[in-house]
Amino acid sequence: MATAVLKADNVQTLEPKRMQCMEVWGGNRSIDSGVVMPGLDAWLFSQPCEQDAGGGDVHYVSTCAGGMLVRMLIADVAGHGTKVESIGSQLRGLMRRYINNASQSGFLRALNREFTSTTSDGRFATAIVMTFEAAKNRLVISNAGHPAPLWYQSKTGRWKYLEADTEGVNVPWGIEDEVDYQQFEVKLRVGDLVLGYTDSLTEARLPDGELLGQEGLLALVQSLGTPDPARLVSQILERIDNHGKQNLTRDDITCLLFRPNGMRPRMPLRDMLMAPIRVIADWGGVHFNWR
């Protein structure tokens, strides 16, 4: 999926992964893979700074409620590369512990509380959490100080940022231990795309040294025309790389692109029966991915 300038020996390029009921999948290592989830198709690319083995960008997807819900999370620990890898790994453990919390706002609140209590050096992390309800094509978004996702609306052929209409208190994790995070929702159509990412994209440098910024990123994706999901992330990163050769190496990079596929989830009985065992194994540290 990724452009050749990003391909590294330690990036795992995998066949599309098919998610199972109550499975948690993700990490803070290099990855370049497709993901098939109930009602959603997704493409994930992540590469730590300077092609390190792991970094501060953490990414997770999970399915729950008999496959009717998909939860996706991207977090960015302040700093990059190996300097924050241990915190990224710690955050991964917290995500595994709380990923199946039924309330999205409660999920963020619990993660923030524990992250704040376990990081004593003033570190903070931004995060975006999205829950997709396949039966209604409904996407619920909560933001903890993270760059807003981009939304391609197939009806208009235009991109826009997914932001709440009203202001809320959505501070990064690690600043205050008790925060009631705002959430809002949109209804997606088949053909729509949503792109979540870390700030390495908006903080890329243009040839004149200025930051690309949110408006620059929006203009960039719009200039690509009708998006091809399988190639879109590669195209974006290639454009950013063309602006400056250090843009893709000075910080951790993570992009999660997904679209509703219009298919009603059908969860095999065996998979549903195995779900409780899968969760117990996950809590016990038995099931780990991308190590």
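Contact here means heavy atoms within 4.5 Å. This is a predicted model: local features need pLDDT of at least 70, side-chain atom pairs count only at pLDDT 80 or more, and totals for chains, interfaces and linings use all residues. Residues are numbered from 1 along each chain as its sequence is written, and side-chain values use heavy atoms, with hydrogens and water left out.

**Trp159**
- Not counting residues up to four places away in sequence, Trp159 touches Leu150, Trp151, Tyr152, Leu193, Leu195, Leu218, Val221, Gln222, Pro227 and Leu232.
- Trp159 and Tyr152 are both buried (under 20% relative accessible area, 1.4 Å probe, protein chains only).

**Nonpolar core**
- A nonpolar core is a set of buried Ala, Val, Leu, Ile, Met, Phe, Trp, Tyr and Cys residues joined through side-chain atoms within 4.5 Å.
- The largest one has 27 residues, and Trp159, Leu195 and Ile236 are among those with the most contacts inside it.

**Aromatic pairs**
- The whole structure holds 2 aromatic pairs (Phe, Tyr or Trp rings, the six-membered one for Trp, with centres within 6.5 Å; planes under 30 degrees apart are stacked, over 60 edge-to-face, the rest tilted).
- Phe115 and Trp173 form a tilted pair, because their ring centres lie 6.3 Å apart and their planes at 50°.
- Phe115 and Trp173 are both buried.
- Tyr152 and Trp159 have ring centres 5.3 Å apart and planes at 50°, so this pair is tilted.

**Charge over a ring**
- Arg71 lies over the face of Phe107, 5.1 Å from the ring centre (the criterion is NZ of Lys or CZ of Arg within 6 Å of the ring centre and within 35 degrees of the ring normal).

Key. Buried < 20%, exposed > 50% of the residue type's maximum accessible area, 1.4 Å probe, protein only.
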